[in-house]
Amino acid sequence: MEKEESFSLEKGDANLELDDDGKPRRTGTCITASAHIITAVVGSGVLSLTWCLAQLGWIVGTTFLVVFAAISWFTCILLADCYRSSVNGARNYNYMQAVKTNLGGLKYRFCGIAQYQTLVGVSIGYTITSSISMAAIKRSNCFHKYGHDKECHTLNTQYLIIFACIEIILSQIPDFHKLSFISIVATIMSFAYSSIGIGLSIAKIAGGAHPNTSLWIPTRTNISNMDKMWNTFCAVGDIAFAYSFCAVLIEIQDTLKSSPPENKVMKTATTIGISASTSFYMLCGLLGYAAFGNDAPGNYLTGFGFYEPFWLIDIGNMCIVIHLVGAYQVIVQPFFAFVENWNRRKWPESEFVNKVYIIGCFRINPFRLVWRTTYVILATLVAMIFPFFNDFLALIGSTTFWPLSVYFPIEMYISQAKVRRNSFTWIWLKVLSFVCLLVSLLAAIGSIRGLVVSVKTFKLFRSAS
């Protein structure tokens, strides 16, 4: 298919310049790559950082933010050198192809499991977050009308269904390349709601808020030491989720021009992108903690530490919903494509799988319609059963940070650079990977425990607020 497309492009425009792989010349720059990285990093994970600081305290919380940023930066620098094969200079167009080229088939399959688990988990997490934000708009108006002492409980279930209906329609967009406008809007929305949160935190601090905060992990009298420990692990998982973007780094690098060398430009873009994102995270997390202290809500725009101005809170939550409607598609389209391509190879003669029907201005494929609709429904059902924001984000972050952001980049670099076994570089890279594995396991245990506790007290079709 790629050869046919290249041939037709050459015929259509004899002056079209091509890259060394026969594809249209890439035009990406350091600026565009930095923007892609910031877009990939800054997402709904920013909403939980205030709660993370409340579980970890000023010093430990800030340290984890900086450490996860540094580890992500370092492993992305290693990963940038794996875009081209060390043997023949051939390009790897995506993360899985880079793993297959450098590490072989078994680890390639493990990478596929980890990467697609991430995409599925994030899509479920976005479904949960969107429904909570939609319900928060109704609750905000209720508090404004009836007073802050009113309970104003709201069913999340109806908003889960509304979100699912929207995604069923958008999921019929055939592929990732048709999502550019949605992605741009989603990016603007993410900066909008984060900025609203920062502004509200500053206003609360300026208004004389003096909540209790702690330099170290806070001591609490209202929960047991065991619960405090699990919450600490869960907070670490939330921070890991906020930095889980390595899985799309190769795809971003594949947009860059060949000169100057892609790996050098990507390293610069990674430094800019992670520095800007970390600064933004610091503002959101630290200002939010200063405003709310140790009693910070799990999601600082829906946990109602803020009540007024209610209209600004409504705008912030609406921005979250709009962002996640688009981000859901950006995240899940690669998984859709993987399943559909596999089925086309398995049943190349099947009309149900391959035939496209033109209905008005729409191109409808029966398998795509059924498969994508089924996926959205199943993801929504899981979100109904586990509508717990912090624990779910922590589970996704803890189970995917180590393999995708640490293990594979390090292993690919060792293979690509031919690092000698038992050398100093080999040993400290392995130690870094092992330490990150331990941290991820502890965070995963904490998040699973939090989900189990939440499920025991949760009743379906009742407000989780």
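Helices here (H or I, at least four residues) are DSSP runs, numbered from the N terminus. This is a predicted model, where local features need pLDDT of at least 70 and side-chain atom pairs count only at pLDDT 80 or more, while totals for chains, interfaces and linings use all residues. Residues are numbered from 1 along each chain as its sequence is written, and side-chain values use heavy atoms, with hydrogens and water left out.

**View 1. Thr-75 in helix α3.** Look for Thr-75 within α3, which covers residues 49–80. Thr-75 counts as buried because its relative accessibility is 0% (buried means under 20% relative accessible area, with a 1.4 Å probe and protein chains only). Skipping residues up to four places away in sequence, Thr-75 touches Cys-246, Ser-405, Val-406 and Pro-409 (contact means heavy atoms within 4.5 Å).

**View 2. Thr-380 in helix α13.** This threonine sits in α13, residues 366–385. Thr-380 has 7% relative accessibility, so Thr-380 counts as buried. Its contacts, leaving aside neighbours within four places in sequence, are Thr-127, Leu-160 and Ala-164.

**View 3. The second largest cavity, about 30 Å³.** A cavity is a set of points on a 1 Å grid over the protein atoms alone where a 1.4 Å probe fits but cannot get out, and lining residues have an atom within 4 Å of a point. Grid points are joined across faces, edges and corners, and the volume is the space filled by probe spheres set on the points. Among the lining residues are Phe-68, Val-236, Phe-401 and Cys-436. Helix α15 gives the most to this lining, with 4 residues.

How values were computed. On a 1 Å grid over the protein atoms alone, a cavity is a set of points where a 1.4 Å probe fits but cannot get out, and a pocket is an open set with protein on both sides within 12 Å along at least five of seven lines; lining residues have an atom within 4 Å of a point. Helices (H or I, at least four residues) and strands (E, at least two) are DSSP runs, numbered from the N terminus. Buried means under 20% relative accessible area, exposed over 50%, partly exposed in between (1.4 Å probe, protein chains only).
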